[in-house]
Amino acid sequence: MKTTAAARFANFVRLACAVTALVWTCLSAPAAASAAPAGDAGSLAFLEGALGKYPREIGLWDHALLHQRLSALLGKRFPFFRSNMWNTTVLSRQGHLIYVTGTRVPLGSDGAIFVADLKREAVWVWVMISGRLFEHREQPAQPELPAEVALFIDNWRARSRSASAPGLSYQ
């Protein structure tokens, strides 16, 4: 059976994608497995390996464990969260909290904050969409937030009050 050059190229591209996915999985799985406590596949401990890095450079929002959690927590607001994390800080740590703040564009009013509590294995997310602040929590009890995060939230709440945003959203 003869194949055309286009068909051979398409097969080559599929094979290259499969090999790339396999290599990426093999290289990233040991790091995540060593950071997670034994028997806890949903652990946020893998975030410790990402400290000091930008979420975009490591594909943080596409990480299998985190993507599922954020999609479930944010629902239809997940795309807004991702786009509002366009211009971010690096992943930072204060105590058992790992966090990152982001804005859609420099000097923009839309933004997002991600906070992971490694001690409680819980995630908190704030998303500012068109002047309205939305807060999503996996657990109702909120930890003492880092000063940088608290400042963002206080500023957004002040702006959001004038836009009469809805209350908290618990999952």
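**Close-up 1. The salt bridge between Glu48 and Arg93 in the predicted model.** Glu48 pairs with Arg93 in a salt bridge whose closest N and O atoms lie 2.5 Å apart. Because Glu48 sits in the loop between helix 1 (5–35) and helix 2 (55–58), while Arg93 belongs to strand 2 (residues 92–94), the pair ties together parts that are 45 residues apart in sequence. Glu48 has a relative accessibility of 36% and therefore counts as partly exposed, and Arg93, with a relative accessibility of 38%, counts as partly exposed.

**Close-up 2. The salt bridge between Arg120 and Asp117.** In this pair, the closest N and O atoms of Arg120 and Asp117 are 3.6 Å apart, which falls inside the limit of 4 Å that defines a salt bridge. The two partners can be described by their accessibility: Arg120 is partly exposed, with a relative accessible area of 33%, whereas Asp117 is buried, its relative accessible area being 0%.

**Close-up 3. The salt bridge between Arg137 and Glu135.** Here a salt bridge joins Arg137 to Glu135, with 2.7 Å between the closest N and O atoms. Both Arg137 and Glu135 are buried, so each has a relative accessible area under 20%.

**Close-up 4. A network of salt bridges that links Arg69, Glu121 and Glu138.** Salt bridges connect the three residues Arg69, Glu121 and Glu138 into a network. In the predicted model as a whole, the count of salt bridges comes to eight, among them the pair of Glu48 and Arg93 shown in the opening view.

How values were computed:
Residues numbered from 1 in each chain as written. Predicted model: local features only at pLDDT ≥ 70, side-chain atom pairs only at ≥ 80, totals over all residues. Heavy atoms only, no water. Salt bridge = Lys/Arg side-chain N within 4 Å of Asp/Glu carboxyl O. Helix = DSSP H or I, 4+ residues; strand = E, 2+ residues; numbered from the N terminus. Buried < 20%, exposed > 50% of the residue type's maximum accessible area, 1.4 Å probe, protein only.
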